[in-house]
Amino acid sequence: MTDELVSVYDTDGNVVGAAPRSRVYAEGLWHASAGVLVRSADGARIYVHRRTMTKAVFAGMHDCLAGGVVDPGETPHQAATRELAEELGISGAPLTPLASTAWDGRWDAKPMRCHLFAFEVRWDGPIRHQPEEIADGWWWTDQELAAHLADPDWPFVPDTRVLIPQLLRLRQHR
């Protein structure tokens, strides 16, 4: 497997170059990821999944955002669209940004420093897991997700654990 290039950002969220993923993580360089919250068409449920044990970061943990790093020359929206299709087999559905530019979706803790660009999609169609990325998945209500997130021992991706309550609050005010 090659060491893919990742867009490198500054602390303010501006693209400043590119570097191999291994260097981005090893040196704690700022980069960006695009994550998509998948909701049922009626908005009542969120798709939660468990990452495979072979993931480079946060292996085997749960998450409710399908996504990944922004590649050089790619916008966060393009990255979100690509990752959603790759990880969950969802394509053709419109993505809605979950936050304004005033929202600070920044994660500054080991093993990475990242700006998160969050989107939402409404979907009731089939979901097809990418076997290298997703081990399992299911639908939960906001309340079920919140109850699990309240348990600090539940193995949930730490950056999403911190950011998802902000995103859910923003949704309530839209």
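This is a predicted model: local features need pLDDT of at least 70, side-chain atom pairs count only at pLDDT 80 or more; totals for chains, interfaces and linings use all residues.
The largest pocket has a volume of about 830 Å³. Its lining is made up of 36 residues, and Arg 21, Tyr 25, Arg 51, Lys 55 and Glu 133 are those that lie nearest the centre. Several elements each give two or more residues to this lining: helix H1 (21–27), strand S3 (30–39), strand S4 (46–51), strand S6 (65–69), helix H2, strand S9 (112–122) and helix H4 (158–172). Strand S6 supplies the largest share, with five residues. Sorted by class, the lining of the largest pocket holds 14 nonpolar, nine polar and 13 charged residues.

In an unreviewed entry, UniProt lists Glu 83 and Glu 87 under "binding site". Both Glu 83 and Glu 87 are included in the lining of the largest pocket. Such annotations may be inferred rather than shown by experiment.

Glu 83 is situated in helix H2, which covers residues 76–88. Its relative accessibility is 8%, and because buried means under 20%, Glu 83 counts as buried. Setting aside residues up to four places away in sequence, Glu 83 touches Gly 67, Gly 68, Val 69 and Leu 88. Glu 87 also lies in helix H2. With a relative accessible area of 3%, Glu 87 is buried. When residues up to four places away in sequence are again not counted, Glu 87 touches Ala 66, Gly 67, Arg 128, His 129, Gln 130, Glu 133 and Ile 134.

A pair of aromatic rings is described by the distance of the centres and the angle of the planes. Across the whole structure, a search finds five aromatic pairs. In one of them, the ring centres of Tyr 9 and Phe 117 are 6.4 Å apart and the planes stand at 50°, so the pair is tilted. This pair links distant parts of the chain, since Tyr 9 is in strand S1 (residues 5–9) and Phe 117 is in strand S9, 108 residues apart. Tyr 9 counts as buried at 5% relative accessibility, whereas Phe 117, with a relative accessible area of 29%, is partly exposed.

Tyr 47 and Trp 139 form an edge-to-face pair, with 5.1 Å from centre to centre and 70° between the planes. Here too the pair links distant parts of the chain: Tyr 47 belongs to strand S4 and Trp 139 to strand S10 (residues 134–140), 92 residues apart. Tyr 47 is buried, with a relative accessible area of 6%, while Trp 139 is partly exposed at 25%.

Leu 29 is placed in the loop between helix H1 and strand S3. Between Leu 29 and Ser 7 the separation is 22 residues in sequence and 9.8 Å in space, taken from C-alpha to C-alpha. Apart from neighbours within four places in sequence, Leu 29 is in contact with Val 8, Ala 19, Arg 23, Val 24 and Arg 113.

Note on methods
Residues are numbered from 1 along each chain as its sequence is written. Side-chain values use heavy atoms; hydrogens and water are left out. On a 1 Å grid over the protein atoms alone, a cavity is a set of points where a 1.4 Å probe fits but cannot get out, and a pocket is an open set with protein on both sides within 12 Å along at least five of seven lines; lining residues have an atom within 4 Å of a point. Helices (H or I, at least four residues) and strands (E, at least two) are DSSP runs, numbered from the N terminus. Buried means under 20% relative accessible area, exposed over 50%, partly exposed in between (1.4 Å probe, protein chains only). Contact means heavy atoms within 4.5 Å. Grid points are joined across faces, edges and corners, and a volume is the space filled by probe spheres set on the points. Ala, Val, Leu, Ile, Met, Phe, Trp, Tyr, Cys and Pro count as nonpolar, Asp, Glu, Lys and Arg as charged, and the others, Gly among them, as polar. Rings of Phe, Tyr and Trp (its six-membered ring) pair if their centres lie within 6.5 Å; planes under 30 degrees apart count as stacked, over 60 as edge-to-face and the rest as tilted.
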